[in-house]
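Subject: Structure handover

Hi,

Here is the structure I promised to pass on. My notes follow below it.

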Amino acid sequence: FDVTGTITLATALPEITRSYTIIDASSQWQGAWPDGSPGIIIDGTDIPSTYNGIYISASHCQVKGLQITNFSEDYCTAIFLFGSTNSYNTIGGTAPGERNVINNNYSGIETRSPQTTIIGNYIGVTPDGLAAAPNNQRGVYVNQTSNTTIGGTTAAARNIISGNTNSGILIDGDENNIMGNYI
């Protein structure tokens, strides 16, 4: 990204079907890390119901440095990952500006892709992490998949998952790891 501001979508974004796709807005981070905020906001206010914010059906993809908000119609998810075996997708990151802020949606992140890593994000809170900005259902939903990692062993890898109306994290799968988060 070489601009800052809010992108208010009139139609759904295309599905990401190409492996190794990187959506990286970290260069547009506003203010000093970690208290700043994303410079690129994807706003789903005008999207019809049932459309997701970012839909990934490929492997080895990354999404970092964005605020994804207002995908609030029933069954809309800010980031939806749906893939086959060994997807290795990453949402967020540990370097300055790689955090995603995912708030005011129907649901935050849902993964049906194995081996997804969700690190360093603010889910269900404002960009500074100090106030609730809830996703209506859940912050993170690991849906019938395995080997998902949510958080990590360092402060930079922890997710802040709070304020969500239904669940912070809902796990429906085996061999998933949740560590170091503030929930």
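Start with Ile79. In this predicted model, Ile79 stands opposite Ile109 in β10. The strands concerned are β7 (residues 77-81) and β10 (residues 107-111). They run parallel, and four bridges join them.

Five strands make up an open sheet in the order β4-β7-β10-β13-β16, with parallel pairing. The edges are β4 (54-56) and β16 (167-172). Each has a single partner strand, so one side of each is left without a neighbour in the sheet. From one strand to the next, the twist averages 5°.

Ile79 and Ile109 turn up again in the core. The largest nonpolar core has 30 residues. Those that touch the most other members are Ile54, Val63, Leu66, Ile79, Ile109 and Val140. Two or more residues come from each of β3 (40-43), β4, β6 (66-69), β7 and β13 (138-143). β7 gives the most to this core, with three residues.

Leu66 is worth a look on screen.

Next, strands β1, β3 and β6. Strand β1 (residues 5-8) pairs with β3 in the parallel sense, over four bridges. Within that pairing, Thr8 stands opposite Asp43 in β3. β3 also pairs with β6. This pairing is parallel too, and it has four bridges. Here Asp43 stands opposite Thr69 in β6.

Now the charges. How many salt bridges does the structure hold? There are three.

Take Asp24 and Lys64 to begin with. Their side chains meet in a salt bridge at 4.0 Å, N to O. Asp24 lies in strand β2 (residues 22-24) and Lys64 in strand β5 (residues 62-64), so the pair ties together parts that are 40 residues apart in sequence. Asp24 has 30% relative accessibility and counts as partly exposed. Lys64 has 11% and counts as buried.

Lys64 has another partner, Glu98. Their side chains meet in a salt bridge at 3.5 Å, N to O. This pair also links distant parts of the chain. Lys64 is in strand β5, while Glu98 sits in the loop between β8 (90-92) and β9 (101-103), 34 residues apart. Is Glu98 buried or exposed? Glu98 is buried, and so is Lys64. Taken together, Asp24, Lys64 and Glu98 are linked in a network of salt bridges.

The remaining salt bridge joins the side chains of Arg112 and Glu110, at 2.9 Å, N to O. Arg112 counts as partly exposed, at 34% relative accessibility. Glu110 counts as buried, at 7%.

Two more sites to check.

One is Asn181. Asn181 is placed in the segment after β17 (177-179). Its relative accessibility is 14%, so Asn181 counts as buried. What does the side chain of Asn181 reach? The backbone nitrogen of Asn159, at 2.9 Å. Asn159 is also among the residues that Asn181 touches, along with Ile150, Gly151 and Arg158. That list does not count residues up to four places away in sequence.

The other is Gly163. Look for Gly163 in the loop between β15 (160-161) and β16. At 34% relative accessibility, Gly163 counts as partly exposed. Setting aside neighbours within four places in sequence, Gly163 is in contact with Gly124, Ala132 and Pro134. Gly163 and Tyr88 are 75 residues apart along the chain. Their C-alpha atoms are separated by 28 Å.

That is the handover. Send questions back whenever you like.

Best wishes

Note on methods. Residues are numbered from 1 along each chain as its sequence is written. This is a predicted model: local features need pLDDT of at least 70, side-chain atom pairs count only at pLDDT 80 or more; totals for chains, interfaces and linings use all residues. Side-chain values use heavy atoms; hydrogens and water are left out. Buried means under 20% relative accessible area, exposed over 50%, partly exposed in between (1.4 Å probe, protein chains only). Two strands pair if DSSP finds at least two bridges between them. Axes are lines fitted to C-alpha atoms, for helices over the stretch in contact, and angles run from 0 to 180 degrees between N-to-C directions. A nonpolar core is a set of buried Ala, Val, Leu, Ile, Met, Phe, Trp, Tyr and Cys residues joined through side-chain atoms within 4.5 Å. A polar contact is a pair of N or O atoms within 3.5 Å; within protein, one must be able to donate a hydrogen and the other to accept it, and residues adjacent in sequence count only if both atoms are side-chain atoms. Contact means heavy atoms within 4.5 Å.
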